[in-house]
Amino acid sequence: MIKTVKRDIDVSSSCEEVWNLMTSSGKLENYHPFCRSNEVLKWDLENSVDLIEYYNGKILKRSFYEWNNKKGYKLIINDMKKDIADVKWEILTSGSDTANLSIEIRVLDGALLSYPTIINNILLTFYVLPLLGGYLESVLKGFKYFIETGSSVSKNQFGNNSLFSNN
């Protein structure tokens, strides 16, 4: 059963600039089109922890556990009750003035409600993963927009996502 969704985007910026933005504490509000607020609890490389409040009121905790300098990091998403996803941000390729940024989300067992396995698999395949794919595309577009223009994104700038926002 596939439980992973991954998207990437080319960014007209150096690898170092992309790394600096993606590892800056409290910057999500500038480029994340579904993020109402980003409270940093601790910022210390792979020991970093922050909270994201989404426009639909949902609050998730990000706990970083792997930090590969100028390449990427991994983190666990927790819904304040249980771990629900493993996320990897990675700079895949770079030139002197371009970088390819990738985000991958792996939905963890137990993330969905305790429906029978067949129902969970159907929900995951036809509802959750497609919405997460759209979510990643919006976040990556927001990252690209902010780093290339210096302007912050607005709420739902690249479309609404029912998992994380409201109209």
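Is Glu 16 buried, partly exposed or exposed? Glu 16 counts as partly exposed, because its relative accessibility is 45%. On this scale, buried means under 20% relative accessible area, exposed means over 50%, and partly exposed lies in between, with a 1.4 Å probe and protein chains only. The model is a predicted one, in which local features need pLDDT of at least 70 and side-chain atom pairs count only at pLDDT 80 or more, while totals for chains, interfaces and linings use all residues. Residues are numbered from 1 along each chain as its sequence is written, and side-chain values use heavy atoms, with hydrogens and water left out.

Glu 16 also takes part in a salt bridge with Lys 70, at 3.9 Å from N to O. This pair joins distant parts of the chain, since Glu 16 lies in helix H1 (residues 15-22) and Lys 70 in the loop between E4 and E5, 54 residues apart. A salt bridge here is a side-chain nitrogen of Lys or Arg within 4 Å of a carboxyl oxygen of Asp or Glu. The element names follow DSSP runs, numbered from the N terminus: helices are H or I runs of at least four residues, and strands are E runs of at least two. Lys 70 is partly exposed, with a relative accessible area of 38%.

Other residues of H1 are buried, namely Cys 15, Val 18, Trp 19, Leu 21 and Met 22. They cover an arc of only 165° around the axis, so they lie on the same side of H1. The arc is that of the directions from the helix axis to the C-beta atoms.

Lys 70 leads on to the strands. Strand E4 (residues 59-68) and E5 pair in the antiparallel sense over seven bridges; two strands count as paired if DSSP finds at least two bridges between them. The two strands form a hairpin with three residues between them, and Lys 70 in the turn has a positive phi of about 65°. Along this pairing, Asn 68 stands opposite Gly 72 in E5, and Arg 62 stands opposite Ile 77 in E5. Strand E5 (residues 72-78) has six of its seven residues buried, which means that the strand is largely enclosed by the rest of the structure.

E4 has a further partner in strand E3 (residues 49-54), to which it is joined by five bridges, again antiparallel. In this pairing Leu 51 stands opposite Lys 61 in E4. The hairpin of E3 and E4 has four residues between the strands, and Gly 57 takes a positive phi near 95°.

How many salt bridges does the structure hold? There are eleven. One of them joins the side chains of Glu 137 and Arg 7, at 2.8 Å from N to O. Glu 137 sits in helix H3 (residues 117-149) and Arg 7 in strand E1 (residues 4-11), so that this pair links parts of the chain 130 residues apart. Glu 137 counts as partly exposed at 35% relative accessibility, and Arg 7 counts as partly exposed at 28%. Asp 79 forms a salt bridge with Lys 82, the closest N and O atoms being 3.2 Å apart. Of these two, Asp 79 is partly exposed with a relative accessible area of 24%, and Lys 82 is partly exposed with 33%. A pocket is an open set of points on a 1 Å grid over the protein atoms alone, where a 1.4 Å probe fits, with protein on both sides within 12 Å along at least five of seven lines; lining residues have an atom within 4 Å of a point. Grid points are joined across faces, edges and corners, and a volume is the space filled by probe spheres set on the points.

The largest pocket holds about 730 Å³ of space. Its lining has 31 residues, of which Lys 58, Ile 84, Val 128, Leu 163 and Phe 164 lie nearest the centre. The elements giving two or more residues to this lining are E3, E4, E5, strand E6 (83-94), strand E7 (99-107) and H3. H3 supplies the largest share, seven residues. By class, the lining of the largest pocket has 26 nonpolar residues, one polar and four charged. Nonpolar covers Ala, Val, Leu, Ile, Met, Phe, Trp, Tyr, Cys and Pro; charged covers Asp, Glu, Lys and Arg; the others, Gly among them, count as polar.

The second largest pocket holds about 170 Å³. It is lined by 13 residues, with Lys 3, Asp 109, Gly 110, Leu 112 and Asn 120 nearest its centre. Here the largest share of the lining, four residues, comes from H3.
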